[in-house]
Amino acid sequence: MKYDYLIVGAGLFGAVFAREMTNMGRKCLVIDKRKHIAGNIYTEEIDGIYVHRYGAHIFHTSDKKIWEYVNRYTEFNQYINSPVAVYGDELYNLPFNMNTFSKMWGIKTPAEAKEIIERQIRKAGIKEPANLEEQAIRLVGTDVYEKLIKGYTQKQWGRKCTELPAFIIKRLPLRFTYDNNYFNDRYQGIPVDGYTKMVEKMLEGIEVRLETDYFQVRNEIDADTTVYTGPIDEYFGYTLGHLQYRSLRFETEKLDCENYQGNAVVNYTAADVPYTRIIEHKHFTFGKQPVTVITREYSSEWKPGEEPYYPVNDSKNTELYRKYQELAEQEQGLIFGGRLGQYQYFDMDKVIASALSCVESQKK
Ligand code: FDA
């Protein structure tokens, strides 16, 4: 069998690309080395609860076309992401807003909150931040930094904030309204039937082979063009070295209680709690099941062979990625796409936009 496109990876990028090309009459084969489709947005059903296996995924976008696009494949609910943060025995709303400030300082008005923050920033007197700690204090003052940023960031990066470069934090938005909606985007929600069904619908009528590693079958499949959404450095056998990532470890547990924490996302911002957050999956879809499923999320150092999550886009890795890109440009009939192929953190809406623009470039 001869294919127009071999698509490596049944994640969001691969599924959107395969759908569009199939709609245009091209013959596509999608392969994935995992046992399931949907890549990192995979949701598995446990007792009627859609569990986000590779981390919490909330769909949000300001792009009306992308919102209409995903709504062709699933129905979204009205979920609004409003995480809370636990620091010792204190609990605060996120993102940093008037609910946070009012609880922290017992104040009511934006003017009072601004006055406290500005006073703390003035007192710290940081002009040229030498590290992440100084940068954060310069932006939000000492209280918000100590309670809500310091320990969490330290766990995320596995290093003290004084040992991290200032540029990691460019902005720390402060909201002087009583608004707990984490995202500023116009459209937001969670698929009522989970993300896996959305991707299943995208892939309807398309040949998909699971548990199929590209490197084991590359010589057996005849395709004009390969769209590769795995790690770009792996494609080239790491000849120039390994690109680095931050990794995550998930500890999932089913609990015999109806409601464990009352919210889908609870961040743990103190350094002495080993996990960064707990996800209670049923709250993403307003579940009423008698049991619940929670996942503790730990940030971890990435080693080759482990699941890569967040690319480390520092100058060293960016330079290495650029060199791999140069190798990629020399190949005929090969496209690199998605978060691993392009070594970039992409939200889901951006991955879809990127896949659609890749489809457009194929029309030329
Ligand atoms: P993805 O990794 O999903 O797919 C690539 C596929 O290729 C995988 O299935 C893999 O198995 C397969 N593959 C790799 N090598 C292969 C090989 N050699 N042979 C065969 N198959 C191979 N976004 C958002 O909008 N809202 C959110 O809330 C979140 N939350 C979030 C949490 C966490 C922890 C992370 C890390 C990321 C998010 N995201 C997010 C981003 C979101 O996960 C991301 O946009 C998409 O999963 C990217 O889809 P891709 O198709 O690019 O990669």
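User: How many bridges join strand S11 to S14?

Analyst: This is a predicted model, where local features need pLDDT of at least 70, side-chain atom pairs count only at pLDDT 80 or more, and totals for chains, interfaces and linings use all residues. Residues are numbered from 1 along each chain as its sequence is written. Strands are DSSP runs (E, at least two residues), helices likewise (H or I, at least four), numbered from the N terminus. Strand S11 (residues 245-255) and S14 run antiparallel, and the bridges joining them number 10.

User: Which residue in S14 is the bridge partner of leucine 255?

Analyst: Two strands pair if DSSP finds at least two bridges between them. In S14, leucine 255 has as its bridge partner threonine 292.

User: Which residue in S14 is the bridge partner of glutamate 280?

Analyst: S13 and S14 are antiparallel and share four bridges. In S14, the partner of glutamate 280 is isoleucine 294.

User: Which strands are the edge strands?

Analyst: The sheet is open, has seven strands and mixed pairing, and its order is S7-S6-S12-S13-S14-S11-S15. An edge strand here pairs on one side only, and that picks out strand S7 (90-93) and strand S15 (310-311).

User: What angle does the direction of helix H6 make with that of S6?

Analyst: Helix H6 (residues 142-157) packs on the sheet and touches strand S6 (84-87), S7, S12 and strand S14 (292-301). Contact means C-beta atoms, placed from the backbone, within 7 Å. Axes are lines fitted to C-alpha atoms, for helices over the stretch in contact, and angles run from 0 to 180 degrees between N-to-C directions. With S6, the angle is about 90°.

User: Which residues come nearest to the ligand?

Analyst: A residue is near if its C-beta atom, placed from the backbone, lies within 6 Å. The shell around the ligand takes two or more residues from each of helix H1 (12-23), helix H8 (214-217), helix H11 (338-341) and helix H12 (348-363). Of the 35 residues around the ligand, the nearest are Gly9, Gly11, Gly39, Gly230 and Gly338.

User: How far apart are the centres of domain 1 and domain 2?

Analyst: Domain bounds come from an automatic or database domain assignment. Domain 1 covers 2-42 + 192-244 + 311-363, and domain 2 covers 97-168. Taken over C-alpha atoms, their centres are separated by 39 Å.

Notes:
Two residues are in contact if their C-beta atoms, placed from the backbone, lie within 7 Å.
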